[in-house]
Amino acid sequence: MSVTILFLGPLADLAGEKEREVDAPLDWAGLIDVVGPEVAQQLELDRVNVACKGRVLADKRALMAEDSDEVALLPPVSGG
Amino acid sequence: MARLSISSPLDVRLLDKGMSIGEALAAFNAAHDNAGGVVSFLGKVRPDGNVRALELTHYEPLTLSGMEELAETATSRFSLEGALVWHRIGVMTPGEAIVLVATAARHRRDAFEAADYLMDHLKSAAWLWKRERRDDGWHWIEPRGQDHEDLARWQ
């Protein structure tokens, strides 16, 4: 019973790893608890998005990840 | 040599190796013989400062589908005959191509604007993260204020 959290871009540096397995289910409060203070601080910012099962959540605070779901933490992008 | 085949009207790709620009544009041109004009933009790793390399990462479930959606929006907004949107991922060195955008339309203005629109969105609204390796290590690149202003022009 686990959820995979992916740390994208600079969040991987803050987390010190690219992904982490945590116990399912996982809601917003649980996510904030397990990612460590530095990533949690970023997550509170509007410019950081959260995707669950490959879809960006319109309201990240409504996160409800279940067993085998992937939760991706998406900091501001820069392409081109 | 097998000729590069382009899917029409939209050809959207994430590439983990270098792209052959001339071949891509020739194939795109051939795929759109009804267009009155083709515009292309090639973005490259700038060989300035002490940038040794650039790395682009993506998120598989979102990045390509987001780029496809962007190409569809541009096609309807600017009445395109077709669009090519290719973006590199992985590690690149100065002088290498990062992004190639080409647009085909009946009239040039639509083709120019659509290429501009696609680039502004790829810079700061596509699911890609960029970092540079300088002499003192890797640095993540945040979108510049100018990038956000460029994007806001289309809203």
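What percentage of the 80 residues of chain A count as buried? The answer is 30%, where buried takes 20 or more other C-beta atoms (placed from the backbone) within 10 Å of a residue's own, exposed takes 12 or fewer, and partly exposed is in between. Keep in mind that this is a predicted model: local features need pLDDT of at least 70, side-chain atom pairs count only at pLDDT 80 or more, and totals for chains, interfaces and linings use all residues. Residues are numbered from 1 along each chain as its sequence is written, while chains are lettered from A and ligands numbered from 1 in the order in which they are written.

**View 1. Chain A as a whole.** Chain A has three helices and seven strands, and along the sequence they come in the pattern β-α-β-β-α-α-β-β-β-β. Its radius of gyration is 11 Å, close to the 12 Å that the globule rule gives for 80 residues, so chain A is as compact as a globular protein of that length. (The radius is taken over C-alpha atoms, and the rule is 2.2 Å times the number of residues to the power 0.38. Helices are DSSP runs of H or I with at least four residues, strands are runs of E with at least two, and both are numbered from the N terminus.) The C-alpha trace of chain A spans about 35 × 25 × 20 Å along its principal axes.

**View 2. The open sheet of chain A.** Follow the five strands across in the order S2-S1-S7-S4-S5 of chain A; their pairing is mixed. Strands S2 (19-23) and S5 (55-56) of chain A stand at the edges with a single partner strand each, so one side of each has no neighbour in the sheet. To count as a pair, two strands need at least two bridges found by DSSP. Zoom in on S4 (residues 49-52) of chain A: two bridges join it to S5(A), and the two run antiparallel. Here A:Ala51 sits opposite A:Val56.

**View 3. The largest nonpolar core.** This set has 52 residues, and the ones touching the most other members are A:Val71, A:Leu73, B:Ala83, B:Leu84, B:Ala114 and B:Leu118. A nonpolar core means buried Ala, Val, Leu, Ile, Met, Phe, Trp, Tyr and Cys residues joined through C-beta atoms within 7 Å. Strand S6 (residues 97-105) of chain B gives the largest share of this core, seven residues. Leaving out residues up to four places away in sequence, B:Ala83 touches several others, including B:Leu10, B:Ala102 and B:Leu118.

**View 4. Where the two chains meet.** On one side are 23 residues of chain B, in contact with 13 residues of chain A; contact means C-beta atoms, placed from the backbone, within 7 Å. Helix H3(B) gives the largest share of the chain B side, four residues.

**View 5. Two cis prolines.** The peptide bond from A:Ala24 to A:Pro25 is cis, with omega near -10°, and A:Pro25 is in the loop between S2 and S3 (26-27) of chain A. Over in chain B, the bond from B:Ser8 to B:Pro9 is also cis, with omega near 5°. B:Pro9 belongs to the segment before strand S1 (10-15) of chain B.

**View 6. Two serines with positive phi.** A:Ser68 has phi near 75° and lies in the loop between S6 (64-65) and S7 (70-74) of chain A. With 11 C-beta neighbours inside 10 Å, A:Ser68 counts as exposed. B:Ser79 has phi near 50°, and its loop runs between H2 and S4 (80-88) of chain B.

Conventions: Two residues are in contact if their C-beta atoms, placed from the backbone, lie within 7 Å.
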